[in-house]
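Let's take a friendly walk through this model together. Please have a look at the sequence and the structure first, and then read on.

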Amino acid sequence: MRILVAEDDVRLAGLLEESLAEAGWQVEVVHNGRVAYDRLLSDTSFDVALLDWMLPGMDGVTVARRLRGLGLALPILMLTARGDVRDRIDGLDAGADDYLPKPFDLDELLARLRALYRRGGLGGEAPVQIGDLVVDPGARRVSRGGVEIILSTREFDILYLLASHAGQVVTRLTILDEVWDGETDLRSNVIDVHLAAIRGKIDKPFGTDTITTLRGVGYRLDIPAGKR
């Protein structure tokens with residue numbers, strides 16, 4: 001398991017390097033966003049990237065956005081002292097798969113990184129097609145009408161879960177168990193934030209309305225009429 005840690009706080013970076021190495025990770029630490037961006041582009045063998053938001057050279061959000069713009073699907077966890085909902089949305093919209101505000105519990109960070117690593121290895125399953133929407137877990141690619149759609153790792157995992165149960169209700173608890181390994185609070189709006197991002201990518205640009213919210217219960221990816 002290889003991880004790139006981009007953190008400009010030298011003391012925190014050292015603590016992360018030591019803790020991650022003890023947990024079995026191969027760790028590379030950089031202190032500059034531009035350097036992190038170049039390393040992640042030049043070396044695609046990293047399994048996960050841990051990016052601080054406020055990095056010199058290039059901030060973490062810009063690093064994530066540019067990597068996603070190039071189609072890089074590497075799981076990204078964003079660290080930041082900014083914990084407002086708007087900040088979380090901005091970070092996730094930029095392509096981060098998870099978001100952990102500072103100060104954080106080290107055990108929680110390690111658990112989230114393990115979860116991202118496991119989901120990054122998903123493959124071998126056949127593509128799922130619902131109408132003109134295709135979700136391919138092997139290639140971790142999504143397209144609608146032949147147009148490729150770039151999703152973050154966690155957005156992809158949610159969409160694949162819904163597509164695998166198309167026409168059925170997938171509860172919020174199931175999403176938390178399957179995508180977050182139960183490591184977030186059911187009362188949190190983190191699922192809603194991700195669903196909003198998914199809709200903004202697979203529906204809004206195409207004038208479709210694929211996912212139905214059943215308030216207080218969960219979500220259903222609807223099968224187009226005539227496709228049942």
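Glu28 is partly exposed in this predicted model, with a relative accessible area of 22%; here buried means under 20% relative accessible area, exposed over 50%, and partly exposed in between, using a 1.4 Å probe and protein chains only. What does Glu28 form with Arg2? The two make a salt bridge, with their closest N and O atoms 3.7 Å apart. The term stands for a side-chain nitrogen of Lys or Arg within 4 Å of a carboxyl oxygen of Asp or Glu. Arg2 belongs to strand S1 and Glu28 to strand S2, so this pair ties together parts that are 26 residues apart in sequence. Arg2 and Glu28 are also linked with Arg39 and Asp43 in a network of salt bridges.

Before going further, a word on how to read the numbers. Residues are numbered from 1 along each chain as its sequence is written, and side-chain values use heavy atoms, with hydrogens and water left out. Because the model is predicted, local features need pLDDT of at least 70 and side-chain atom pairs count only at pLDDT 80 or more, while totals for chains, interfaces and linings use all residues. Helices (H or I, at least four residues) and strands (E, at least two) are DSSP runs, numbered from the N terminus.

Now follow the strand that carries Arg2. S1 spans residues 2-6, and five of its five residues are buried. Arg2, Leu4 and Ala6 point one way from S1, while Ile3 and Val5 point the other way. S1 pairs with S2 (residues 26-30) in the parallel sense over five bridges; strands count as paired if DSSP finds at least two bridges between them. Within S2, Val30 is the bridge partner of Ala6. S1 also pairs in the parallel sense with strand S3 (residues 48-52), this time over four bridges, and in S3 the partner of Val5 is Leu50.

Between S1 and S2 comes a helix to trace. S1, helix H1 (residues 10-22) and S2 make a right-handed β-α-β unit: with the strands pointing away from the viewer, the path from the first strand over the helix to the second runs clockwise. Ser19 lies in H1 and, at 10% relative accessibility, counts as buried. The C-alpha atoms of Ser19 and Asp107 are separated by 9.7 Å, although these residues are 88 apart along the chain.

Arg112 forms a salt bridge with Glu108, the closest N and O atoms being 2.7 Å apart. The two are four residues apart in helix H5 (residues 106-120), so about one helical turn separates them. Arg112 counts as buried at 11% relative accessibility, whereas Glu108 is partly exposed at 30%. Another salt bridge joins Glu148 and Arg141, with closest N and O atoms 2.6 Å apart. Glu148 is partly exposed at 41%, and so is Arg141 at 45%. A search of the whole structure finds 17 salt bridges.

Next comes a second sheet to look at. It is an open sheet of four strands in the order S6-S7-S8-S9, with antiparallel pairing. S6 and strand S9 (147-149) are the edge strands, each pairing on one side only. S7 and strand S8 (residues 141-144) pair over four bridges, and Arg144 in S8 is the bridge partner of Leu133. Helix H6 packs on the sheet, touching S6, S7 and S8, and its direction makes about 115° with that of S7; contact means heavy atoms within 4.5 Å, and the angle, on a scale from 0 to 180 degrees, is between N-to-C directions of axes fitted to C-alpha atoms, for helices over the stretch in contact.Finally, turn to the nonpolar cores, meaning sets of buried Ala, Val, Leu, Ile, Met, Phe, Trp, Tyr and Cys residues joined through side-chain atoms within 4.5 Å. Which residues have the most contacts inside the largest core? They are Leu159 and Ile175, in a core of 28 residues. Elements that each supply at least two residues of this core include S6 (128-130), S7 (133-136), helix H7 (172-179) and strand S12 (218-221). The largest share, seven residues, comes from H6. Leaving aside neighbours within four places in sequence, Ile175 is in contact with Ile158, Leu161, Val170, Trp180, Ile191 and Tyr219. A second, separate core of 22 residues includes Val30, Leu40, Leu55 and Ile76.
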